[in-house]
Amino acid sequence: MNKPENIEERLWDYIDGAGSAEERLFVEQLIASNAAWKARYQELLELQDLLSHRLELDEPSMRFTQNIMEAISKHHIAPAAKTYINKRIIWSIAGFFLCCIIGFLIAGLAQVHWTGGSTTDNSLVNLNKINLDKVDTSKFFNNTYTTIFMMVNVVLGLVALDMYLRGRKRRAIGNGQ
Amino acid sequence: MQTGPVDNEIINKVLQGDQAQYAQLVKRYQNFVFTIVLRYTPNREDAEEIAQDVFVKAYRSLADFRGESKFSTWLYTIVTTTCITFLRKKKVPIQSLDTEQVFEVADSQNSDFKANQVEQKSKLQVINEALRLLSIDDARIITLFYQAEQSLEEIGRILGIEPNTAKVKLHRARQRLKEKMEKHFSEAVKDMVG
């Protein structure tokens, strides 16, 4: 808890104004009462002052702005990506994948031996009589290509979900929430 | 820091066809952009070329700036991607955090510092020299936080990392900067404190 690294980390949080009010109060008391904490705090505060107020920005050459204005005079502002990205195409691609998944499911389920050889009734399948324990799903799930396809779809789904959640988080940060 | 019309007003004018207004944005951010670029490459000519490229790219993509973040945050994202592309093209290894080799290389580069030279250094020189001894990752995050005045959330957005990761990286970078200052400029640091 009171390792030098921990002290520094907590002091930096205090200097940056991060952390909860309770934590800040606790650190404040430690600085006031503990000589080691006080000394380290003074040290970090000096570094903070150097970084915040003494660092100067480098300046490019005098012609910098002029060079850029000359360069952009040859360019046009590209249209916003949202204006040329056709959402219909994206939805079509999504629809294609969805159809593929449904198609594979139907094709796979059609190959399943529902009666499982347990009944002597050769008439139409009576759903009430299906014994799920004896359903032969081997033809469906033993197909390597189907498994690979399903795996790829699951991964793509997770990537899409991750992108969506990250986007939401970024928008929330951007809106100052 | 910012005087005159706000960034979004200028951007709207530029988007409406008033290209000359873009000069205001360039003047406002050129030093910030140039300083960040210098953290990636010490060569001023290269840095100026990259910085120019950044502003041209930003101009061309201006319609994509949706105002969800500050213009500076959006601009520094372009700086980061442009610098990484430049380093890849030049085949300069992009030094990553936590690589001890980085610090060994930095230390060896600094072996010619002599005590009497160090004593004469101003506070500003000391901190700038120490920053140059840091890895790109460390120098970049310190520059973004202190010089470009970006918050941890904004740094996270620029570097494509979580704000908490940015906080940890900043903490480590400051720690290493302090170590560098103590190791290489201890005399000058004592003078500063004293």
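Predicted model: local features only at pLDDT ≥ 70, side-chain atom pairs only at ≥ 80, totals over all residues.

Reader: With which residue does B:Lys70 form a salt bridge?

Author: Side chains of opposite charge can pair when their charged atoms come close. A salt bridge is a side-chain nitrogen of Lys or Arg within 4 Å of a carboxyl oxygen of Asp or Glu. The partner of B:Lys70 is B:Glu154, with the closest N and O atoms 3.4 Å apart. B:Glu154 lies in helix α9 (residues 152-159) of chain B and B:Lys70 in the loop between α3 and α4 (71-89) of chain B, so the pair ties together parts that are 84 residues apart in sequence. B:Glu154 is buried, at a relative accessible area of 18%.

Reader: What does the secondary structure of chain B come to?

Author: Helices (H or I, at least four residues) and strands (E, at least two) are DSSP runs, numbered from the N terminus. Chain B has 11 helices and zero strands. Of its 194 residues, 52% are buried.

Reader: How is the interface of the two chains described, and what area is buried between chain A and chain B?

Author: The size of an interface is often given as the accessible area lost when the parts come together. Buried area is that loss, taken with a 1.4 Å probe and summed over both parts. Between chain A and chain B it is about 4,400 Å², of which carbon and sulfur atoms give 62%. Contact means heavy atoms within 4.5 Å, and here it takes 43 residues from chain A and 50 residues from chain B.

Reader: How many salt bridges are there between chain A and chain B?

Author: The count is five. One salt bridge joins A:Glu8 and B:Lys178, whose closest N and O atoms are 2.7 Å apart. A:Glu8 counts as buried at 5% relative accessibility, and B:Lys178 counts as buried at 11%. In another salt bridge the side chains of A:Asp58 and B:Arg44 meet at 3.6 Å, N to O. This pair crosses between chains, from the loop between α3 and α4 of chain A to helix α3 of chain B. A:Asp58 is partly exposed, with a relative accessible area of 22%, and B:Arg44 is partly exposed at 42%.

Reader: Where does A:Leu55 lie, and is A:Leu55 buried or exposed?

Author: A:Leu55 lies in the loop between α3 and α4 of chain A and is buried, with a relative accessible area of 11%. Leaving aside neighbours within four places in sequence, the residues in contact with A:Leu55 include A:Leu50, B:Leu124, B:Ile127 and B:Leu131.

Reader: Against which helices do the buried residues of α4(A) pack?

Author: They pack against α2 (22-40) and α3 (44-60) of chain B. Among the buried residues of α4(A) are A:Phe64, A:Ile68 and A:Ile72.

Conventions: Residues numbered from 1 in each chain as written. Chains lettered and ligands numbered in written order. Heavy atoms only, no water. Buried < 20%, exposed > 50% of the residue type's maximum accessible area, 1.4 Å probe, protein only.
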